[in-house]
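Here is a quick walk through one model, written for someone who likes to know the cut-offs behind every label. Have the viewer open and follow along.

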Amino acid sequence: MSTPAHLPADAAPPRSKVTDQLVEANERYAEGFSDPGMDARPVLQVAVVACMDARLDLHAALGLQLGDCHTIRNAGGVVTDDVIRSLTISQRALGTRSVILIHHTNCGLESLTEDFRHELEDEVGQRPAWAVEAFRDVEQDVRQSMQRVRTSPFLLHRDDVRGFVFDVTSGLLREIDPEADPAA
């Protein structure tokens with residue numbers, strides 16, 4: 001672990017005030033918390049894969065309650081090897097049968113390229129093992145993610161996979177046809 005040059009080696013890093021606020025909020029939450037007695041298996045047998053964007057309140061947007069679904073989030077809501085890992089565990093160990101993919105308008109990945117990895121390598125001296133998964137066409141990226149789920153040999157349930165684009169200005173979902181020709 002490296003220490004910033006301006007701190008003595010034995011000095012603790014500065015505490016995050018935001019993290020402190022969140023921990024305090026958790027303490028208030030825990031005061032009124034009671035074990036809901038739920039199982040880890042989602043009630044609706046659905047897994048939702050979505051972007052980590054802070055503008056997406058998935059539970060509110062989909063009318064979900066605690067315990068209804070598994071939620072898997074990452075930059076772009078892209079189906080990566082780690083998402084397949086999570087979906088495989090969700091299906092095989094915890095009973096989910098449906099997969100909903102949600103990308104969104106004005107995604108930060110639309111402004112990045114794979115050059116981001118090269119810039120990181122130049123800065124830190126090591127190339128990341130992961131791909132950026134940047135894209136220009138959100139609908140085509142949803143189709144690609146649907147295809148990755150539908151062709152994964154690890155998943156038991158690949159027939160109920162649907163993809164959507166969430167509009168960050170209206171809050172509406174737009175379903176993406178997996179068979180649509182992107183060139184048309």
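## D167 and its surroundings

Setting aside neighbours within four places in sequence, D167 is in contact with T105 and L172, where contact means heavy atoms within 4.5 Å. D167 sits in the loop between β4 and β5; helices (H or I, at least four residues) and strands (E, at least two) are DSSP runs, numbered from the N terminus. At 23% relative accessibility, D167 counts as partly exposed. On that scale buried means under 20% relative accessible area, exposed over 50%, and partly exposed in between, with a 1.4 Å probe and protein chains only. From D167 to Y29 there are 138 residues in sequence and 31 Å in space, C-alpha to C-alpha.

Some ground rules: this is a predicted model, so local features need pLDDT of at least 70 and side-chain atom pairs count only at pLDDT 80 or more, while totals for chains, interfaces and linings use all residues. Residues are numbered from 1 along each chain as its sequence is written, and side-chain values use heavy atoms, with hydrogens and water left out.

## The chain overall

The chain has five helices and five strands, and along the sequence they follow the pattern α-β-α-β-α-β-α-α-β-β. Its C-alpha trace spans about 60 × 50 × 35 Å along the principal axes. Of the 184 residues, 32% count as buried. Take the contacts between residues at least 6 apart in sequence: 63% of them join residues at least 24 apart.

## The sheet

The five strands make an open sheet in the order β2-β1-β3-β4-β5, with mixed pairing; two strands pair if DSSP finds at least two bridges between them. At the edges are β2 (69-74) and β5 (173-176), each pairing on one side only. Neighbouring strands are turned by 25 degrees against each other on average, direction ignored. Helix α3 (residues 81-94) packs on this sheet, touching β1 (46-51), β2 and β3, and its direction makes about 170 degrees with that of β2. For such angles, axes are lines fitted to C-alpha atoms (for helices over the stretch in contact), and values run from 0 to 180 degrees between N-to-C directions.

Now strand by strand. β1 is mostly covered, with six of its six residues buried. It pairs with β2 in the parallel sense over six bridges, and V46 has C69 as its bridge partner in β2. Five bridges join β1 to β3, again parallel, with V49 opposite L101 in β3. Strands β3 (residues 98-104) and β4 (residues 161-166) also run parallel, joined by six bridges; H104 stands opposite F166 in β4.

V161 belongs to strand β4 and is buried at 1% relative accessibility. Beyond its neighbours within four places in sequence, V161 is in contact with V99, L101, M146, V149 and R150.

## Charged side chains

A salt bridge here is a side-chain nitrogen of Lys or Arg within 4 Å of a carboxyl oxygen of Asp or Glu, and the count comes to seven. One of them pairs R148 with E133 (3.3 Å, N to O). R148 lies in helix α5 (residues 138-150) and E133 in the loop between α4 and α5, so this pair ties together parts 15 residues apart in sequence. R148 is partly exposed at 28%, whereas E133 is buried at 18%.

E139 and R174 form another, with the closest N and O atoms 2.9 Å apart. E139 is in helix α5 and R174 in strand β5, so the bridge ties together parts 35 residues apart in sequence. R162 and E175 also meet in a salt bridge (2.7 Å, N to O), linking strand β4 to strand β5 across 13 residues. Through shared partners, salt bridges join E139, R143 and R174 into one network.

Which charged residue is buried yet has no salt bridge? That is R117, whose nearest side chain of opposite charge, E114, is 4.3 Å away. For charge, Lys and Arg count as positive and Asp and Glu as negative, while His and the chain ends are not counted. R117 is found in helix α4 (residues 115-124).
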